[in-house]
Amino acid sequence: MSGWIIFIGLILLMLTGMPISIALGLTVLAFLFFMTDMPVEIVSQRLFTGLDQFAIMAIPFFILAGTFLTHGGVARRMIRFASALVGHFYGGLAMAGVFACALFAAVSGSSPATVVAIGTILIPAMEKQGYPRRFGVGAIGTAGVLGILIPPSIVMVIYSVSTNTSVGKLFIAGIVPGLLLAAILMAITWIVAKRRNYPRMQRADLKEIVASFWDAIWGLLLIVVVIGGIYGGVFTPTEAAAMSAVYAFFIAVFVYRDLKLRDVPRVLLDAANMSAMLLYIITNAILFSFLLTSENIPQAMAQWIIDKHLSAWVFLMGCNVLLLIAGNFMEPSSIVLLLAPILFPVAAKLGVDPIHFGIIMTINMEVGLIHPPVGLNLYVASGVARMGLTETTVAFAPWIVVMVLYLLLVTYVPDIAMWLPNAIYHRPG
Amino acid sequence: MLNRILDHLEEWLIATFMALATLIIFASVAYRYTGDVPWIWQYTQYLNLTWAQELCIYLFIWMAKFGAAYGVRTGIHVGVDVLINRLPEKQRRAGVLLGLGAGAFFTAVVAVLGAKFVWLMYGTGQVSPDLELPMWIVYLAVPLGSALMCYRFLQVAWRFWHGEPLPSHSHARVEGLQAEGRG
């Protein structure tokens, strides 16, 4: 009963268009005030203690690192390296774009940031080479979703915070699906390009490959710092995030010099703006899930689903549908914060691995990012390419189908996600 | 005039908190891994950086509370506006004002509750585990940040009422990064 009141209240408040964080907070406030005899004072305390975890602080650090990287010339050098490797295939520049997105995703934890960094440079360049603009926008905008699948990933950090799973394991589990998706997107690009005879670039000689690799080495080393640092036990994920922020600052300002020292305060402010918004939703969502837990709602829902004798197969299908629908209304972090605490206990009871479930959620979020009305990648791509939203949507349409098929593949073949973490964390003997 | 000072103070504070938190974690990691380098150790052996994590968390909480207020001004707090944007102009305006009003109401309530809680903490004299800072000062972020946020909601609502557009944040525009062609 109380569950219905909470959810209907929340949905009504959200539909008025007020910020999601405020809707969450007001729901909790109203429920505590009218329906329980818990002291309302608990709200102000929870708003503080909810954030009092070192793991959450990886989010502002990754955002800061990402902001420095978008300004620095890292993206441009990664594109050069990628074109040297795959530019001579059909649709070479487009394939290089997907490849560069994958490389950039390995240093950045956000999808829209990946689209901005790679798309700003590559979409105009593709047009100049004679690609239809739609194709470039669709390919790069979609490849941008790799940003949250290939570690580091802000969405994964949020999932791990709201379900108490290990960030390190999630990151490791994202690697194989991320690379697989990059390979699939590149293959599709190649097939389409071959059929429509899109331009190829001249094959780069070994000298250019080596030279572009050296040029991009500072950015590529960041991958080693983050993944190697976490996996090798050198840093905690939060520390790795802080190190990558300092490192990104250093290469943007002193090595590649794309950013002047006097621009740094503005970068800090941009990153702080973004992080504060996320942290504010996070605190209110933690408040909300505290209310749900104290009303025993996730447990009751889990029991209800167990009593229906649903199989994990059906449950996961239901989750995918629910998450895809939610993707029509909210952006990824809010969805994960709201739904992960509710769905996670059920998944655990049905024997779905928490890490696998995290990867499924992440891919669902990726699909949400590329379709209207709230897909952020869509807006960013349309902004970067100066293309109307309707046309951008058309450009993305075929890629959405690909992403949904890919989602089903990873959902029902758990080994794609679980193979690497299992191999690393449960070594025999 | 007062508004301008407040704006600058707000921006300056959150950017500084961000930078400080980053430097502190960097320093603590660097400190951990330079322990066996004699010429560095010679200078750093008397330092004790066990409080770094705690300070980082507190800095970010302060950054988050004041940054949330700054975010109202930059229009970064998004809601589900799919429905409301389809309403006729007059109803849409009413809806937007309602949303802003709800924001102001929630933050005002939190500011009052937070102030009460700080008062309570002041009475207990509790201190933080590592830094031994008085907890009431640390918790002050909640009422102060929330009050500022409430002010920002009212400010945006006032301006919107007088015909100014709502602030909106574009994720696609990165200052200093412009499109360029290649090859």
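The model is a predicted one, so please read every value below as computed from it. Chain B and chain A bury about 6200 Å² between them, and the salt bridges over all chains come to 16.

**Where chain B meets chain A**

- Chain A brings 76 residues to the contact, and chain B brings 66.
- Carbon and sulfur atoms give 76% of the area buried between the two chains, which is about 6200 Å².
- Across this interface there is 1 salt bridge; it pairs B:R32 with A:E239, with 2.9 Å between the closest N and O atoms.
- Polar contact across the interface of chain B and chain A comes to 5 residue pairs, with both residues at pLDDT 80 or more.
- On the side of chain B that touches chain A, at least two residues come from each of α1 (2–33), α3 (52–74), α4 (89–124), α5 (135–139) and α6 (141–161) of chain B.
- Sorted by class, that side of chain B holds 41 nonpolar, 17 polar and 8 charged residues.

**A helix with buried residues in chain A**

- Helix α21 of chain A spans residues 415–425, and its buried residues are A:I416, A:A417, A:M418, A:L420, A:P421 and A:I424.
- The cover over these buried residues includes α11 (167–196), α12 (206–231), α18 (354–369) and α20 (389–412) of chain A.

**Salt bridges within chain A**

- A:R77 and A:D258 form a salt bridge, their closest N and O atoms lying 3.9 Å apart.
- This pair joins distant parts of the chain, 181 residues apart: A:R77 belongs to helix α5 (residues 74–86), while A:D258 sits in the loop between α13 (237–255) and α14 (264–294).
- A:R77 counts as buried because its relative accessible area, 17%, is under 20%, whereas A:D258 is partly exposed at 30%.
- A:E208 and A:R80 also meet in a salt bridge, at 3.1 Å from N to O.
- Here too distant parts of the chain are linked, with A:E208 in helix α12 and A:R80 in helix α5, 128 residues apart.
- Both partners are partly exposed: A:E208 has a relative accessible area of 26%, and A:R80 has 27%.
- A network of salt bridges links A:R76, A:R77, A:R80, A:E208, A:D215 and A:D258.
- A further salt bridge joins A:R266 and A:D263, with the closest N and O atoms 4.0 Å apart; A:R266 is partly exposed at 28% relative accessible area, and A:D263 is buried at 17%.

Notes
Residues are numbered from 1 along each chain as its sequence is written. Chains are lettered from A and ligands numbered from 1 in the order in which they are written. This is a predicted model: local features need pLDDT of at least 70, side-chain atom pairs count only at pLDDT 80 or more; totals for chains, interfaces and linings use all residues. Side-chain values use heavy atoms; hydrogens and water are left out. Contact means heavy atoms within 4.5 Å. Buried area is the accessible area (1.4 Å probe) that two parts lose on being put together, summed over both. A salt bridge is a side-chain nitrogen of Lys or Arg within 4 Å of a carboxyl oxygen of Asp or Glu. A polar contact is a pair of N or O atoms within 3.5 Å; within protein, one must be able to donate a hydrogen and the other to accept it, and residues adjacent in sequence count only if both atoms are side-chain atoms. Helices (H or I, at least four residues) and strands (E, at least two) are DSSP runs, numbered from the N terminus. Ala, Val, Leu, Ile, Met, Phe, Trp, Tyr, Cys and Pro count as nonpolar, Asp, Glu, Lys and Arg as charged, and the others, Gly among them, as polar. Buried means under 20% relative accessible area, exposed over 50%, partly exposed in between (1.4 Å probe, protein chains only).
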